[in-house]
Amino acid sequence: MIYQCPLCQSPLSFILEHKQLGCSNNHRFDQAKQGYFNLLPVQRKKSKEPGDSKAMIAARESFLSANHYQPLAENLSVLITELVPKHSKLLDIGCGEGYYSRQVNPNDHFISYGFDISKPAVIKAAKKHQTGSYSVASSEEMPYQSETIDVAFKVYAPVNELELHRIVKSGGYFINVTPAPRHLWQLREFIYEEVREHATQDTLFTGLEKMSSQQLSYQITPSPEDRLRLLDMTPFAWKANGDARRKILERHDLAIELDFLITVFKKP
């Protein structure tokens with residue numbers, strides 16, 4: 001096990017007879033029936049139910065199940081396979097319901113870890129990907145021992161730079177997926193009078209060297225229902241009034257641009 005105690009930062013080991021993680025200071029964390037661990041102490045929560053709600057997770061799950069983001073997932077899979085050998089440890093930061101973890105490691109060539117601050121999301125991830133190791137945790141204090149992750153990746157999720165640097169092995173990698181200039185352009189046209197391109201200036205991470213950057217662009221024509229699900233996956237949903245949502249729903253055969261920037265970093 002590569003987990004560390006969120007209370008005292010000591011290594012955690014699995015206690016089989018009790019289905020618990022435990023440390024030398026006698027802190028214990030039960031394994032839920034779905035297989036995940038809750039490593040977010042109550043005193044570290046900023047709200048009663050942090051992270052995405054069940055409704056938001058259901059919308060994203062339905063949208064992703066239609067494979068609109070499959071090209072992005074396949075791109076990540078190819079990248080990771082080229083970077084590290086079999087049995088490497090992968091970490092999905094802000095894993096949600098585990099879509100990308102499942103897609104990049106369909107044959108369990110790698111050892112998959114994932115965490116999210118949303119408990120309902122992690123429950124779904126653990127149910128759908130029983131060979132993965134999932135936990136409820138915050139990116140501000142990742143529940144992993146130092147220098148244990150071969151490849152960490154995130155799709156839009158927040159991350160603490162110092163924690164990221166701590167957990168990635170020397171010679172390990174971090175893959176960052178962010179919006180490229182025209183991401184969701186046609187959706188944004190319903191919301192803003194003047195649509196502007198996403199800024200794509202380099203994001204640098206403490207102690208990591210930028211290795212490569214590529215843009216992945218393609219169009220999708222989702223169903224009217226999936227258009228609204230896609231909207232609800234984004235911060236633009238807060239800006240979309242009832243009239244904008246109605247127009248998005250009623251537009252015939254709306255093609256939407258997806259535009260991603262995929263950047264690879266290495267820890268020296």
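Start by selecting Arg102, which lies in helix H3 (residues 99–104); helices here are DSSP runs of H or I with at least four residues, strands are runs of E with at least two, and both are numbered from the N terminus. Arg102 is buried, where buried means under 20% relative accessible area, exposed means over 50%, and partly exposed is in between (1.4 Å probe, protein chains only). Arg102 has no salt bridge, a salt bridge being a side-chain nitrogen of Lys or Arg within 4 Å of a carboxyl oxygen of Asp or Glu. The nearest side chain of opposite charge, Glu97, is 5.7 Å away; Lys and Arg count as positive, Asp and Glu as negative, and His and the chain ends are not counted. Not counting residues up to four places away in sequence, Arg102 touches Glu97, Lys128 and His129 (contact means heavy atoms within 4.5 Å).

This is a predicted model: local features need pLDDT of at least 70, side-chain atom pairs count only at pLDDT 80 or more, and totals for chains, interfaces and linings use all residues. Residues are numbered from 1 along each chain as its sequence is written, and side-chain values use heavy atoms, with hydrogens and water left out.

Next, select Lys128 together with Glu61. Their side chains meet in a salt bridge (2.4 Å, N to O). Lys128 lies in helix H4 (residues 119–128) and Glu61 in helix H1, so the pair ties together parts that are 67 residues apart in sequence. Lys128 is partly exposed at 41% relative accessible area, whereas Glu61 counts as buried at 18%.

Move to Lys267 and Glu147, another salt bridge, with the closest N and O atoms 2.9 Å apart. Lys267 is in the segment after E11 and Glu147 in the loop between strand E7 (133–136) and E8, 120 residues apart. Lys267 is buried, with a relative accessible area of 5%; Glu147 is partly exposed at 37%.

Being four residues apart in helix H8, they are separated by about one helical turn.

Select helix H7 (residues 224–232) next. Asp226, Arg227, Leu228, Leu230 and Leu231 are buried there. The buried residues of H7 pack against H1, helix H6 (185–188), strand E10 (209–220), helix H8 (242–250) and strand E11 (256–266).

Now the cysteines. The whole structure has zero disulfides, a disulfide being a pair of cysteine sulfur atoms within 2.5 Å. The sulfur of Cys8 is 3.7 Å from that of Cys23, its closest cysteine sulfur, too far for a bond. Cys8 is partly exposed at 24% relative accessible area, while Cys23 is buried at 7%.

Two backbone stops follow. Most residues other than glycine have a negative phi. Asn67, not a glycine, has a positive phi of about 65°; look for Asn67 in the loop between helix H1 (54–65) and helix H2 (70–83). Tyr156, also not a glycine, has a positive phi of about 75°, and sits in the loop between strand E8 (149–155) and helix H5 (161–167).

Finish at Phe14, found in strand E1 (residues 13–15) and partly exposed at 31% relative accessible area.
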